[in-house]
Amino acid sequence: MMKLILLAISLFGASALAREPVFLNPGVVYHLVNSSTHYGDPKSGCMSDEIAVQIQGIAGDFCTSKCSFIQSCPTDVPTGVTAKPMCALQSTAGDQYCALICSPSSKDDTQCGTNASCKAISGVGLCTYDD
């Protein structure tokens, strides 16, 4: 299993997203290939163009792929997910990554799909898997 360690990411993008740093837990970023959609549970494996990440201060993890101004985020999400894919994460090296953006104040606990929930950070929500 290939390991890739990112030092930190920060939320960016739409004006609703803050630019506060969010740190990744060392040693938790890795490649797993097994999933049938993007943004899956790393426990089941990620797509070949994704890495699994865990953000320090937020419980859970998720699969993510790189994005940019010209490369949008994949729109294929796991069954039942209503959260929206956005190019919302940036590493300290400048690499940008996708995340499922959700509403932490919503009463809809299913917006992130099975075994996942919306975690509040910097005024927005990110979907992560709770296992």
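Buried residues account for 47% of the 131 residues in the protein chain. Keep in mind that what you see here is a predicted model.

The chain has eight strands and zero helices. Reading along the sequence, you get β-β-β-β-β-β-β-β. How much of the contact pattern joins residues at least 24 apart? Taking contacts in the protein chain between residues at least 6 apart in sequence, the share is 48%. As for the surface, the chain exposes about 6800 Å², and carbon and sulfur atoms supply 55% of that area.

Now the inside. In soluble globular proteins, nonpolar side chains tend to be buried together. In this model, the largest nonpolar core has 24 residues. The residues with the most contacts inside that core are Phe62, Ala83, Leu89, Ala99, Leu100, Leu126 and Cys127. Which strands each supply at least two residues of the core? They are S3 (50-53), S4 (62-67), S5 (84-91), S6 (96-102), S7 (116-121) and S8 (124-129). Strand S6 gives the most, with six residues.

Take Leu100 as an example. Leaving aside residues up to four places away in sequence, Leu100 touches Tyr39, Val77, Val81, Ala83, Lys84, Pro85, Gly125, Leu126 and Cys127. Please remember Tyr39 from that list, as I'll come back to that residue.

Next, the disulfides. How many does the structure hold? There are five. If you count the bonded cysteines along the chain, the pairing pattern is 1-2, 3-5, 4-6, 7-9, 8-10.

Cys46 and Cys63 are both buried.

The next pair is Cys73 and Cys98, with an S to S distance of 2.2 Å. Here the link runs from the loop between S4 and S5, where Cys73 sits, to strand S6, which holds Cys98; the two are 25 residues apart. The torsion about the S-S bond of this pair is about -100°, so this disulfide is left-handed as well. Both of these cysteines are buried.

The last pair I'll show is Cys102 and Cys118, with sulfur atoms 2.1 Å apart. This one joins strand S6, through Cys102, to strand S7, through Cys118, and the two residues are 16 apart. The torsion about the S-S bond of Cys102 and Cys118 is about 95°, so this disulfide is right-handed. Why do we call Cys102 buried? Its relative accessible area is 8%, and the cut-off for buried is under 20%.

Now to single residues. Thr128 is in strand S8. Is Thr128 buried or exposed? Its relative accessible area is 2%, so Thr128 counts as buried. What does its side chain do? The side chain of Thr128 makes a polar contact with the side chain of Lys119, at 2.6 Å. Not counting residues up to four places away in sequence, Thr128 touches Ile58, Ala59, Gly60, Asp61, Phe62, Asn115, Ala116, Ser117 and Lys119. One of those, Phe62, you have already met among the residues with the most contacts inside the core.

Back to Tyr39, which Leu100 touches. Tyr39 belongs to the loop between S2 and S3. With a relative accessibility of 2%, Tyr39 counts as buried. Its phi is near 65°, which is a positive value in a residue other than glycine. Ser122 also has a positive phi without being glycine, and there the value is near 50°. Where is Ser122? Look in the loop between S7 and S8.

To recap: the model is predicted, the chain has eight strands and zero helices, its largest nonpolar core has 24 residues, and the structure holds five disulfides. That's all I have.

Terms used
Residues numbered from 1 in each chain as written. Predicted model: local features only at pLDDT ≥ 70, side-chain atom pairs only at ≥ 80, totals over all residues. Heavy atoms only, no water. Core = buried A, V, L, I, M, F, W, Y, C linked by side-chain atoms within 4.5 Å. Buried < 20%, exposed > 50% of the residue type's maximum accessible area, 1.4 Å probe, protein only. Helix = DSSP H or I, 4+ residues; strand = E, 2+ residues; numbered from the N terminus. Contact = heavy atoms within 4.5 Å. Areas by Shrake-Rupley, 256 points an atom, 1.4 Å probe, with all protein chains shown as cover. Disulfide = S-S within 2.5 Å. Polar contact = N/O pair within 3.5 Å; in protein donor to acceptor, adjacent residues only side chain to side chain.
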